[in-house]
Amino acid sequence: MVETVVLGLDGATWTVLDDLIEQGTLPNIASLTEAGYSGTLESTYPPITAPAWLSMATGQNPGKTGVFYFLNRESPDSYAFETLGSEKFEGRSFWDVLSARGHSVGVFNFPMLYPPYELDGFMVSGLGSPEDGTITYPESLANDLERVTDGYQVEVPYADPKYADRPEELEDDLLTVVEKREAAIEYLLTDHDPDVFFGVVSATDWAQHYFWRHYDPEHVLHEESPSSDALTKVWERVDETVGLVAARAARDDARLLLVSDHGFGPVNRTFHSNDWLRREGFRVDTAESIVDQLRTTYFPHLRRLGEAVVSVVPQLNDVAKSVGTSIRKSPGSNVDVDASIAFAPRQNLTCGMVYFCTEDETSRRHVIEGLESLPAPDGEHLDVTVYDPADLYEGPNTDLAPDLLFTIDDFECAVDPRPATSGRVFETGPPSPARSGGHRREGVFVFTGPNVRSGSEGAATLLDVAPTLLWLQDEPIPEEMDGEPMFDAFAVESAPPNRVPLADLVNSERVVRRADDEEVQQRLEDLGYI
């Protein structure tokens, strides 16, 4: 009998949910919100899938996990980056503690959790995993998922050129993958019946990235089209899945927690960070071959041309993607570090990330002052906030973070390290039409079940999720976890949690590293993340 169910709705935001609840199109989420305790769940900085879900699972901030994006440094003395995999989860996640303490746990479709590893229960890898039979523990579970879903599917690559100007096709594929997720969740809850279940639905994130400009009449690219209700349709279908999960939780008198890893909002402008760094003399590129120069310089044009061609002739999709693969390099490649002051890694479209190539404080200050005084091309005021990692993170891996991070207009302006097609540092609109919606730090949570009080003014961080799940199972909370149990959600008095060292709770000697770095980068590129 399941005791606690957590359903992650990737990118869920009250901006959309409140609107659709008011329209009466999300009856199940509305019912849970009215009966339970809900509020804002603050994400990591940056509010990105990889660090956010990892911090939610471990209760640790990125300064401890060492994960700030999908690709991360292993050493502060190197610009070599590695892709996030399950080695960062194993031995420190809440499910490791529960499994070691005798609770069965089901982890389903969890982003970047690849390869899966052994625990008391089951594990299914999510976003960033290959579309094959290696994504489950136990291994035999892959065949079961293939059967119950009529062909299991890890992701829908919404930013793939094949979907350019084909919103109806993407809408159909997103609805199909939600149906498959629901079938898998129903099977896993019924046939495997773990004590604690944590499943993730990612289609909500992909839909909001792509369809935000269709949904939001204030978006700079908005135009009335048959796809104006596509985002609503995806959320309506997800609401049905929420209803199924809620019914199962109610049947077992279990607690149900809906969470999102971050929020969402419009992207109406793009700042090209490396173009600006070059223009200001802060970045100097290494000498490249003529072929490499042409490919790098003209790649943005080739990318847009490829999207247009593939939208008409989808069969050319593999050829179009090979253009990007042929020039994909380390995020710090092509930088003359001896002649440069700073560069932006080629992997982030949400906030700005900058690595310094010098220890000279005056040179560093010039970069910071230049960013803080960026002039908007249209004369409007720009709200630029620059952060030192020490302002955001705490822990032994803070030195793996970018040397500075910055946000423009509260994420409404994307920061693209790739060259601009126009030659301008600022461009109107998102980096691509498929990224018309972008991440925000304000996610959501909704709690229902035994002893959960009603209310809608809750405030928590995603670091609080893991400690809460351990506390609900009457287990100690690792001292390494930064978050606290969400006591405010409950109508009963709560004793202070028992804190013990993580090493006393789990055995973390066995760590399996992923070996598909190039392949996962291609999958992340198809999803618009790098």
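Good morning. The model is a predicted one, in which local features need pLDDT of at least 70 and side-chain atom pairs count only at pLDDT 80 or more, while totals for chains, interfaces and linings use all residues. Residues are numbered from 1 along each chain as its sequence is written, and side-chain values use heavy atoms, with hydrogens and water left out.

I begin with the whole protein. Its secondary structure comes to 16 helices and 22 strands. Here helices (H or I, at least four residues) and strands (E, at least two) are DSSP runs, numbered from the N terminus. The protein has 530 residues, and 61% of them count as buried. Buried means under 20% relative accessible area, exposed means over 50%, and partly exposed lies in between, with a 1.4 Å probe and protein chains only. A contact, in this talk, means heavy atoms within 4.5 Å. Taking contacts between residues at least 6 apart in sequence, 73% join residues at least 24 apart.

Let us turn to helix 1 and helix 8. Two packed helices are described by the angle between their axes and the distance between the axes. At what angle do helix 1 and helix 8 pack? Helix 1 spans residues 14–23 and helix 8 spans residues 203–215; the angle is about 55°, and the axes are 13 Å apart. The axes are lines fitted to C-alpha atoms, for helices over the stretch in contact, and angles run from 0 to 180 degrees between N-to-C directions. Angles under 35 degrees count as roughly parallel, over 145 as roughly antiparallel, 65 to 115 as roughly perpendicular, and the rest as oblique. Helix 1 and helix 8 are therefore oblique to each other. The crossing of helix 1 past helix 8 is left-handed, a term used if the near helix is turned anticlockwise from the far one by less than a right angle; clockwise would be right-handed. On the side of helix 1, the contact is made by T15, V16, D19 and L20, and on the side of helix 8 by Q208, W212 and Y215. By class, four of these residues are nonpolar, two are polar and one is charged. In this scheme Ala, Val, Leu, Ile, Met, Phe, Trp, Tyr, Cys and Pro are nonpolar, Asp, Glu, Lys and Arg are charged, and the others, Gly among them, are polar.

G11 sits in the loop between strand 1 (4–9) and helix 1. G11 is buried, with a relative accessible area of 0%. Although G11 and H209 are 198 residues apart in sequence, their C-alpha atoms are 9.3 Å apart in space. Setting aside residues up to four places away in sequence, G11 touches several residues, among them D205, Q208 and H262.

Next, helix 6, residues 141–148. Which residues of helix 6 are buried? They are L141, A142 and L145. These three cover an arc of only 105° around the axis, which puts them on the same side of helix 6; the arc is that of the directions from the helix axis to the C-beta atoms. The face turned away from that buried side carries the exposed residues N143 and R147. The cover over the buried residues includes strand 6 (121–125), strand 7 (136–137) and helix 7 (167–192).

I close with some backbone details. Most residues other than glycine have a negative phi, and most peptide bonds are trans. Where does this model depart from that pattern? Y114 and P115 are joined by a cis peptide bond, with omega about 0°, and P115 lies in the loop between strand 5 (105–110) and strand 6. Another cis peptide bond joins Y137 and P138, with omega about -5°; P138 is in the loop between strand 7 and helix 6. Just after helix 6, D150 takes a positive phi of about 60°.

Two further cases of positive phi are D410, near 50°, and F411, about 75°. D410 is in the loop between strand 15 (404–408) and strand 16 (413–416), and F411 also lies in the loop between strand 15 and strand 16. Is each of them buried or exposed? D410 counts as partly exposed, at 44% relative accessibility, whereas F411, at 4%, counts as buried. Thank you.
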